[in-house]
Amino acid sequence: MRIRVLGSSAGGGFPQWNCNCANCDGLRHGRIKARARTQSSIAVTANGLDWLLVNASPDILTQIRDTPDLQPARAVRDSGIAAVLLMDAQIDHVTGLIMLRERGSKLPLLATPEVLSDISSGFPITGILSHYCGVATTELPSDGRTITVDGLPGIEVQTVAIASKPPPYSPFRGNPRAGDNLGLVIQNPANGARVFYAPGLGAVTPELLTLMASCSVLLVDGTFWTEDEMITQGLSKKKAAEMGHLPQSGPGGMIEQLGKLPRSIRKILIHINNTNPMLIEDSAERAELTRHGIEVAHDGMDIVF
Ligand code: MLT
Ligand code: MN
Ligand code: ZN
């Protein structure tokens with residue numbers, strides 16, 4: 001089984017269109033050692049032809065263009081994307097659905113009732129798509145059950161509710177519900193291997209640590225290095241916690257959490273905000289991650305399991 005990281009950046013991408021922070025400006029002018037990144041998404045395949053798209057990024061068309069494997073060309077109109085699974089209703093995870101509207105049949109769409117309600121009201125994507133290809137929805141549980149996906153044999157997905165935040169446009173932003181944010185365990189039924197994926201993760205509970213310990217690869221929230229990085233850089237008044245993200249550094253941060261797990265588990269940070277100093281490949285922050293055995297995802301990264 002294979003996971004392809006299509007987009008490893010948080011909302012806004014890297015560099016962000018209107019941003020002149022040290023990272024965005026530095027990348028634009030070739031002053032820092034870093035790679036550009038598109039917004040958050042992965043694709044999963046068991047047979048190498050048919051893929052589950054996990055989150056539909058605003059950058060989906062660029063990501064598809066950069067990933068020839070997603071076009072098997074079996075017919076004059078075709079795509080390797082057999083279904084789309086949404087982990088939350090954030091702009092950077094759902095906007096790409098609109099770009100898939102030329103499909104000849106309804107787009108198979110898997111999401112929790114909470115996410116489906118946000119994308120049919122506050123940001124009414126499914127209503128808009130009903131005038132194009134339409135969507136065929138499957139409601140996802142968020143209670144740790146394992147599901148299979150029609151048309152994608154060989155892929156099993158365990159869906160768990162995690163602590164984070166629904167998007168700013170959701171009526172539940174200040175009052176999150178269990179199905180607003182999922183973590184996924186993507187399982188290979190052929191060999192039992194498990195990959196945990198949670199691009200938005202606000203807290204690591206003891207139960208979640210136990211689940212993570214049962215996996216061989218972790219792809220987890222790499223949004224911010226510090227709790228107040230948007231504030232100290234003068235870009236926003238929001239702290240990481242208010243946005244539903246656990247920062248890497250500091251007491252109780254992601255580095256400390258991942259340090260509780262065996263070294264044999266591959267640990268990768270994903271959904272990286274453009275302000276994060278770990279994006280700079282020769283930074284002290286990146287060196288600290290390397291010392292802890294933690295990797296930083298990049299677009300085009302392949303994970304075979
Ligand atoms: C988030 O995960 O908090 C989002 O990337 C924010 C956004 O899309 O603006
Ligand atoms: Mn996001
Ligand atoms: Zn920036």
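**View 1. Polar contacts of ligand 1.** An oxygen atom of ligand 1 lies 2.9 Å from an N or O atom in the side chain of Asp92, a polar contact being a pair of N or O atoms within 3.5 Å. A polar backbone atom of Gly11 is 3.0 Å from an oxygen atom of ligand 1. Taken alone, ligand 1 exposes 270 Å², of which the protein buries 75% (Shrake-Rupley method, 1.4 Å probe).

The model is predicted: local features need pLDDT of at least 70 and side-chain atom pairs pLDDT 80 or more, whereas totals for chains, interfaces and linings use all residues. Residues are numbered from 1 along each chain, ligands are numbered from 1 in the order in which they are written, and side-chain values use heavy atoms, without hydrogens and water.

**View 2. The manganese ion (ligand 2).** Asp92 (OD) and His271 (NE2) coordinate this ion at 2.1 to 2.2 Å; donors are N, O and S atoms within 2.8 Å of the metal (3.2 Å for Na, K and Ca), and sites may look incomplete because water is not among the atoms. Asp92 belongs to helix α3 (residues 91-94) and His271 to the loop between β12 (266-270) and α9 (284-291), so the pair ties together parts 179 residues apart in sequence. Helices (H or I, at least four residues) and strands (E, at least two) are DSSP runs. Both Asp92 and His271 are buried, that is, under 20% relative accessible area (1.4 Å probe, protein chains only).

**View 3. The zinc ion (ligand 3).** Its protein donors are Cys19 (SG), Cys21 (SG), Cys24 (SG) and Asn274 (OD1), at 2.2 to 2.3 Å. The four donor atoms subtend angles of 100 to 116°, which makes the arrangement tetrahedral (four donors, all angles between 85 and 135 degrees). Cys19 and Cys24 are buried.

Notes:
Tetrahedral: all angles 85-135°; square planar, octahedral: opposite > 155°, others 65-115°. Buried < 20%, exposed > 50% of the residue type's maximum accessible area, 1.4 Å probe, protein only. Polar contact = N/O pair within 3.5 Å; in protein donor to acceptor, adjacent residues only side chain to side chain.
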